[in-house]
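Visitor: I am new here. Could you walk me through what I am about to see?
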Amino acid sequence: MRVSFTARLALLAITLALISSLASVFLIWNGIHNDAIAALRRDTVEQAQDLVSVYRSGGFPALSEAIDQARDPEDDTLILAVLDRHGRRVMGVGPRFAAIQPLASTPFSIAIPGHSAPWTGREAGFAIHRVGRYWLMTGRLLDDWEQEQRTIERVVGLSILLAIVTGIAAGLVVTRFVGRRLNRIADVVEAVGEGDFANRVETVAGGQDAFDRLAVRLNAMLDRIERLVGELRAVTDSLAHDLRSPLARLRARAEQASLAEDDAAREAALSDLLAETDTMMRMLTTLLEIGRSAAMGRDRFVAVEPGAIMAELAELYAPAIEEARMTLAVDLAPGLAPMALHRELLSQALANLIDNALRHAAAGGALTLAVSRSAGAGRFTVADRGLGIEPADREEAVRRFGRLDRARSLPGAGLGLSLVDAVARLHGGRLELADNAPGLSATIAIPG
Amino acid sequence: MTRKILVVEDDAATAAYLAKGLAEAGYGVETCGNGRDGLFLASEGVFDLIVADRMLPGLDGLAMLAAIRAAGISAPALILSALGTVDDRIDGLRAGADDYLCKPFAFGELSARVEALMRRADRPAGDGKQTSLVVGDLEIDLLARTVARQGRQVALGAREYNILEYLARHAGQVVTRTMMLEKIWNYHFDPGSNVVDVHIGRLRRKLEDGFDSPILHTVRGAGYRLAPAA
């Protein structure tokens, strides 16, 4: 059975209130009980001793006189009796027959004193002492105490009622308080779910209590979601935008081919069309590669000598670099320890840098490929003597689809450096663009 | 005897395109649309080559290939896939494919690879003991790693020799740029510029300068072919 939060809280509060009030009532009850018994014992013992010493000094006449003086006609709870050896009362007040058998000297005891009214079923505290052939019984019914017990029972009843009332009230108040704070958080979540990303939960206690901590965490999460959604939107926007230009070129080529007058022209247009398609495919693969490398694990990494990666690329590119009328300088620091690297992706990243140099710094003198180690990081550098990239433009150059104005007329999709950056980050490192005075020096720095 | 190729491809248009192209190239082609049928057909053991899509209904291409291999069929397999990143290619090759090609592809690229796989399957087991390759008037000494044309020594760099040896082993066939990048340089990405063409250009100058007939031919839209002039 499901019980509402409010009901459960109320039950808990009721139980707690009951436990605390009943415990205190019991303690009070116990305390009063003990006090009352102690007082009765004291009075009884004292009176018995007085009467016994009266008997010793003056015999039965003196005892009889003392009993007459001590009795009070109004007081029907007092026992002051002289009993014969069968327990029959021969003098004083008290039950006609004492219910205590056999009679023996008792300093103090609690029991039912007699079977005739008004003694039936009522407990009394009494003392019994021997006086000559008779027994002296002194004591008092426990009526006072019983009255107090009644009072305490009433108090218990009241406190149970009070506990129920305060429990329900506490349950309502706490649920109301908790509910209000939680509802405020739920409202924000709902608003964000409906698309209003600017909503945030207010903190009340200055970030001190659990609700505020929840709010702070939630706000941080919402900040991150908002940022990610923003980035996603920017990427899809730019993707849609940047795919337009290659698609436009494709369309133009297809149109040229279909309008071509002679076979040679059609052939040429068709082969351009194929080349454009390949460019676009490459662009999509690169995009995928960038996305993939942001989420890839390091299980593909193998221990590779850093210099070897650069040397292989230098060998592959050497003829192309020469063809571009640039001089290739390879500068590999000797004796570098193997590092955990993704050989293919790092090679592709470096190939992108070399391609960039070939495209943007053609005939620009020396192209340097260097591998070195400093500050705990392996550094793979491709440096050219071209125009370089202004410090202000560097961020734009690395952005996905980011193309600097002067590069717009050249072929390319603006993905090269952004792949390099993604690969550097996959390795836990970064891409550093620096001025080669003149030219660009691009370094992938990988710690490890 | 006609070579038989099994094409396992669920996209009807691609399957038809493959069947038509391969039939025109002189192969006997059978197609099917899912991994289970592919496994069933391949188990007959009558095919010389299996071309399979990686993502297939029923049983995916790599799992089908594993099952075919487990059944003792050793026909070479070429996996086609839209998954084109470097890691996808390497995974495919590690999973037992003999070659891996990303969609979309140029038909020239596919037929060059199909031909190379067929040729490799034909090669006799004792091929490792071969000491020389001869293509027309070109002779390659595999032990001394020297090359002579019409009896005249041609001095080649180490990489140029590797390229020539690869071309000579596929003499008469088309070899594409990506095949060379994969087999000679062991790169599975596309460098995006004409690096391979420049290497070939240099090799060609050394092989053809001073001789009267071409021997290293460019096949437009596909790649290169080492063969005696027709």
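Guide: Let us start with a term: buried means under 20% relative accessible area, exposed means over 50%, and partly exposed is in between, taken with a 1.4 Å probe and protein chains only. In chain A, 39% of the 448 residues count as buried. This is a predicted model, where local features need pLDDT of at least 70, side-chain atom pairs count only at pLDDT 80 or more, and totals for chains, interfaces and linings use all residues. Residues are numbered from 1 along each chain as its sequence is written, chains are lettered from A and ligands numbered from 1 in the order in which they are written, and side-chain values use heavy atoms, leaving out hydrogens and water.

Visitor: Why does Cys32(B) count as buried?
Guide: Its relative accessibility is 11%, and the cut-off is under 20%, so Cys32(B) counts as buried.

Visitor: How many disulfides are there over all chains?
Guide: A disulfide is a pair of cysteine sulfur atoms within 2.5 Å. By this rule the count over all chains is 0.

Visitor: Why does Arg300(A) count as partly exposed?
Guide: Arg300(A) has 24% relative accessibility, so it falls in the partly exposed class, between 20% and 50%. Arg300(A) sits in the loop between α4 (263–294) and β6 (302–304) of chain A; helices (H or I, at least four residues) and strands (E, at least two) are DSSP runs, numbered from the N terminus.

Visitor: Which residues does Arg300(A) touch?
Guide: Contact means heavy atoms within 4.5 Å. Leaving out residues up to four places away in sequence, Arg300(A) touches Leu341(A), His342(A), Asp87(B), Asp91(B) and Arg94(B).

Visitor: What makes a nonpolar core?
Guide: A nonpolar core is a set of buried Ala, Val, Leu, Ile, Met, Phe, Trp, Tyr and Cys residues joined through side-chain atoms within 4.5 Å. The largest one has 91 residues, and Leu350(A), Ile444(A) and Met180(B) touch the most other members. Helix α6 (residues 343–360) of chain A supplies the largest share of this core, 9 residues. A second, separate core has 20 residues, including Ala42(B) and Leu62(B).

Visitor: Why are nonpolar residues gathered like this?
Guide: In soluble globular proteins, nonpolar side chains tend to be buried together.

Visitor: Why does Ile160(A) count as partly exposed?
Guide: Its relative accessibility is 31%, so Ile160(A) lies between the 20% and 50% limits and counts as partly exposed. Ile160(A) is found in helix α2 of chain A.
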